[in-house]
Amino acid sequence: MSEESDEKQVSTGDTMRERADESKLKLWLIVGANRQFVTAVLAVGFFVLFMLGSLLDPTLSDLLQERAVIESLYTQMIGALITGVTLVVTISQLIISQENGPLGEQRTRMSETLDFRGYIRELTGKPAPADPSAFLREIVDATQQRAERLDEVMESTDNEDLRNEIDEFVDSITGNAETVREELDGAKFGTFDVVYASMDYNYSWKIFQIERLIADYEDDIDEEQRDALEDLRTSFAMFGPAREHVKTLYFQWELINLSRFILYAAIPALLVSGMMLAFVDTATVTGRILGIETLLWLVGITFTITLVPFFLLTSYIMRVATAAKRTLAIGPLILRDSQR
C-alpha cells in the first residue's frame, strides 16, 4: 500500500497493543504488571537457570570446594552493590533537585499550570479536575463531544467521499474515547494505570487526519464545518501536553519509588554477601536436599538475593523506557508505523 493511501486510512489501531502489534502477555510483563511481581519473576527465573547451570562440567559443586570461589563471587557483589546504590542515590538527588528552584521559577511554574487549567476550563465548560485520571477523562469527553458535533454539521455536505471519511473518523474517535474512558475510570495516580490508559488514546494520528481532511477537501468545507474541525483539533491538541505532564510526574514518582526499593533491597543483599564472605565454606553446611548439595542451594539462594536490587532496576527501567519510547513525539508526528 502506498504512503498516500496509507495516510488516508482515518481509522487505524488506537490502543498501544494494536499499534505495537505485540502479544498481550509480552506487553503486560513489560509495562502493565506490578513491578515487584516482575522482579520476583526475574529472580525466580535467574535462580532456576543458575541451578541448572551448576550441572555443567565442571560442576559448581566441584568449584565450591575451593574457598576462593566463594570469596571472589561475593567480594565482587559487595563492590557492585555499593556502586549501584551510590548511583541510585545520585539519580534520586537529580530528580528531587528538579523540584527545587528560586521563587521566580516556582511562580512561573504555578502561573503556567493555572493558565493551562484555564484552557481546559474553556474546552470543557467547567473547572478542570484535580485528579489526574479525571483530568484526562474530561479532555477525552470533550474530544468525543466535538467529534459528534462535527458529525452533525457534516450532514449537509454533498461530497460523498468526505461524508464517508468523516463517518469513519468519528466512529474511530468515539470507540477510542470510550475505551480510554473505561480505562481511566477509577485509575489512581501512583499506579501505571493512568499513564497506560492515556497511551491508548491515539490523539496524534487524529490531529494529522484533521489537517489532511481540511487540506484535501478545502473547497467542499464551509465555514461552520471548518470551525468544527478546528475545534476538534484544538481538543486533541490539549490532550497532548496534558498527557505529557501526567507522564512526567509519574516518571518522577516511579523513579523515586525505585530508589527507595533498591535501598531497601540493598541492605539485606549486602548483609547476605558479607555473611557468605565471612562465615561460609564447604564445612559450614553439609548434606543434600532433593539430591543437590545443601551448599549449592545456599549459594544459589544467596546469590539471587544479592541480585534483587538489579532485578528491581531492570523491571522499573523496562517500563519507564518503553513508555517513554512510545510517547517520544508530541503532536502529529508518527515515528514508526506500529506506533500509530
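Visitor: How much accessible surface does the protein have, and what share belongs to carbon and sulfur atoms?
Guide: The accessible surface comes to about 17,900 Å², and 58% of that belongs to carbon and sulfur atoms. Please keep in mind while we talk that this is a predicted model.

Visitor: Okay, and what secondary structure does the protein have?
Guide: The secondary structure comes to 14 helices and two strands.

Visitor: Which of the elements has the lowest mean pLDDT, and which the highest?
Guide: Helix H1, which covers residues 3-7, has the lowest mean pLDDT, at 50, whereas H8 has the highest, at 92. Over the protein the average pLDDT is 83, and 84% of the residues score at least 70. Where pLDDT is low, the predicted coordinates should not be read in detail.

Visitor: Now the inside: what percentage of the residues count as buried?
Guide: Of the 340 residues of the protein, 42% count as buried. In soluble globular proteins, nonpolar side chains tend to be buried together. In this model the largest nonpolar core has 40 residues, and those with the most contacts inside it are Ile-139, Leu-150, Tyr-201, Leu-232 and Phe-236.

Visitor: Which helices each supply at least two residues of this core?
Guide: Helices H7 (103-124), H8 (132-153), H9 (160-184), H10 (193-199), H11 (203-216) and H12 (223-279) each supply at least two residues of this core. Apart from it lies another core, made of 17 residues, including Met-51, Tyr-74, Phe-303 and Leu-307.

Visitor: Back to Tyr-201, what does it touch?
Guide: If residues up to four places away in sequence are not counted, Tyr-201 touches Val-140, Thr-143, Ile-173, Asn-176, Ala-177, Val-180, Phe-236, Phe-239 and Arg-243. For the protein, residues 24 or more positions apart account for 78% of the contacts with a separation of 6 or more.

Visitor: Switching topic, which residues form a nonpolar patch on the surface?
Guide: Val-44, Val-48, Leu-49, Leu-52 and Leu-55 form such a patch, and together they have about 520 Å² of accessible area. Leu-49 is found in helix H4, residues 35-53.

Visitor: Why does Leu-49 count as exposed?
Guide: Leu-49 counts as exposed because its relative accessibility is 62%, and the cut-off for exposed is over 50%.

Visitor: And how many salt bridges does the structure hold?
Guide: The structure holds 13 salt bridges. In one of them the side chains of Arg-181 and Asp-141 meet, at 2.6 Å from N to O. This pair links distant parts of the chain, since Arg-181 is in helix H9 and Asp-141 in helix H8, 40 residues apart.

Visitor: Where do Glu-224 and Arg-149 lie?
Guide: The side chains of Glu-224 and Arg-149 meet in a salt bridge, at 2.8 Å from N to O. Glu-224 lies in helix H12 and Arg-149 in helix H8, so this pair ties together parts that are 75 residues apart in sequence. Glu-224 is partly exposed, with a relative accessible area of 42%, and Arg-149 is partly exposed as well, with 41%.

Visitor: Then what about Lys-247, is that buried or exposed?
Guide: Lys-247 is buried, with a relative accessible area of 8%, and Glu-244 counts as buried at 15% relative accessibility. Glu-244 forms a salt bridge with Lys-247, the closest N and O atoms being 2.9 Å apart. Both residues lie in helix H12, three residues apart, which is about one turn of the helix.

Definitions and conventions: Residues numbered from 1 in each chain as written. Predicted model: local features only at pLDDT ≥ 70, side-chain atom pairs only at ≥ 80, totals over all residues. Heavy atoms only, no water. Core = buried A, V, L, I, M, F, W, Y, C linked by side-chain atoms within 4.5 Å. Buried < 20%, exposed > 50% of the residue type's maximum accessible area, 1.4 Å probe, protein only. Helix = DSSP H or I, 4+ residues; strand = E, 2+ residues; numbered from the N terminus. Contact = heavy atoms within 4.5 Å. Areas by Shrake-Rupley, 256 points an atom, 1.4 Å probe, with all protein chains shown as cover. Patch = residues over 30% accessible without salt bridge, like charges linked within 9 Å, V, L, I, M, F, W, Y side chains within 5 Å. Salt bridge = Lys/Arg side-chain N within 4 Å of Asp/Glu carboxyl O. pLDDT = per-residue confidence, 0-100.
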